[in-house]
Amino acid sequence: MASDSFQPNACDVCGRHMLPGESAREYVTADRDRRAVCDLCRGWAERAGWVRADRVRDEEAPADPNRRPRRRWIVERISQRRARRREEMEEPEEAEERPAPQRKPSAPTNKAPRRPGAAEPPERRIRRALDRFNRSEHRRTVEGLTRSLGSPRVAAVTPAEAPDQVRLTVAWELSWYQWKVEFGDDDAAVRALRNGKEVSELGPADRAWNARAGEDGRIQLRVGSNGDGEVLVPDDLG
């Protein structure tokens, strides 16, 4: 049975019951046991060495006696590459060695290393983070919960202690979820942080509702927001 059609009642990692419209995936542990994993726990399952059920089908199929195991084939290819690299390093250099040009010592600087995303305005950073979230698989979690629980309240803020990150909070009346978007050199990574039941568990910054979620789970900054974690309307307006 394909993991995409796997419909368990609860997640085997966090024990949370699946909400209507929320999907889970089937994973296989190192002991060949099958487990149901919700979207928020997928990162933990993969770090634990669990494998998606639809990716282990080939390993469960009858082995071809004339075919080398994939792991053995990969090891042989790596060994061959290392051997070629070792031979290239042992070849004598025919070209005459020339002294490297001397460079003038650069003047000392007190500037700290630049962190990705730290120099751009907060609003631009948050908009880029929301665009990356909308292109991730986590958007489907918001979409499924919105169909079941209605429109949520959303906050997108840049933590003062981590200017290269954006923390995204999506909250309903009886539950809330958090993700972080961390910017790297080439792209931004979206990771699940935590979830809870009471909105009062969140700090003031994570209750500054400056964004909104559509029926398809896509998140955008709200009109009236200045984009840096503050919203220019009262909190009780949702």
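A salt bridge is taken here as a side-chain nitrogen of Lys or Arg within 4 Å of a carboxyl oxygen of Asp or Glu. The structure is a predicted model, in which local features need pLDDT of at least 70 and side-chain atom pairs count only at pLDDT 80 or more, while totals for chains, interfaces and linings use all residues. Residues are numbered from 1 along each chain as its sequence is written, and side-chain values use heavy atoms, with hydrogens and water left out.

Searching the whole structure gives 14 salt bridges. One of these joins Arg42 to Glu137, with the closest N and O atoms 2.7 Å apart. Because Arg42 belongs to helix α1 (residues 42-47) and Glu137 to the loop between α4 (122-134) and α5 (138-149), this pair ties together parts that are 95 residues apart in sequence; helices (H or I, at least four residues) and strands (E, at least two) are DSSP runs, numbered from the N terminus. Arg42 is buried, at a relative accessible area of 9%, whereas Glu137, at 35%, is partly exposed; buried denotes under 20% relative accessible area, exposed over 50%, and partly exposed the range in between, for a 1.4 Å probe and protein chains only. Arg42 and Glu137 are also linked with Glu46 in a network of salt bridges.

A further salt bridge is formed by Arg139 and Glu143, whose closest N and O atoms are 3.5 Å apart. Both residues lie in helix α5 with a spacing of four residues, about one turn of the helix. Arg139 counts as buried at 17% relative accessibility, and Glu143 likewise counts as buried at 16%. In the salt bridge between Arg218 and Asp216, the N to O distance is 3.2 Å; here Arg218 counts as partly exposed at 39% relative accessibility, and Asp216 counts as partly exposed at 33%.

Strand β1 (residues 24-28) is largely enclosed by the rest of the structure, because five of its five residues are buried. In a regular strand, side chains alternate between the two faces of the sheet. Both faces of β1 are covered, with Ala24, Glu26 and Val28 buried on one side and Arg25 and Tyr27 buried on the other. Strands β1 and β2 (residues 34-38) run antiparallel and are joined by five bridges, where pairing requires that DSSP finds at least two bridges between two strands. The two strands form a hairpin with five residues between them, and Arg32 in the turn has a positive phi of about 70 degrees. Strand β3 (residues 51-52) also runs antiparallel to β1, to which it is joined by two bridges.

The largest nonpolar core contains 32 residues, of which Leu168, Val170, Trp179 and Ile219 touch the most other members. Apart from this core lies another, of six residues, among them Ala155, Val199, Leu202 and Trp209. Such a core is a set of buried Ala, Val, Leu, Ile, Met, Phe, Trp, Tyr and Cys residues joined through side-chain atoms within 4.5 Å. The backbone oxygen of Trp209 is reached at 3.4 Å by the side chain of Arg222, a polar contact being a pair of N or O atoms within 3.5 Å of which, within protein, one must be able to donate a hydrogen and the other to accept it, with residues adjacent in sequence counted only if both atoms are side-chain atoms. Arg222 is found in the segment after β9 (219-221) and counts as buried, at 16% relative accessibility.
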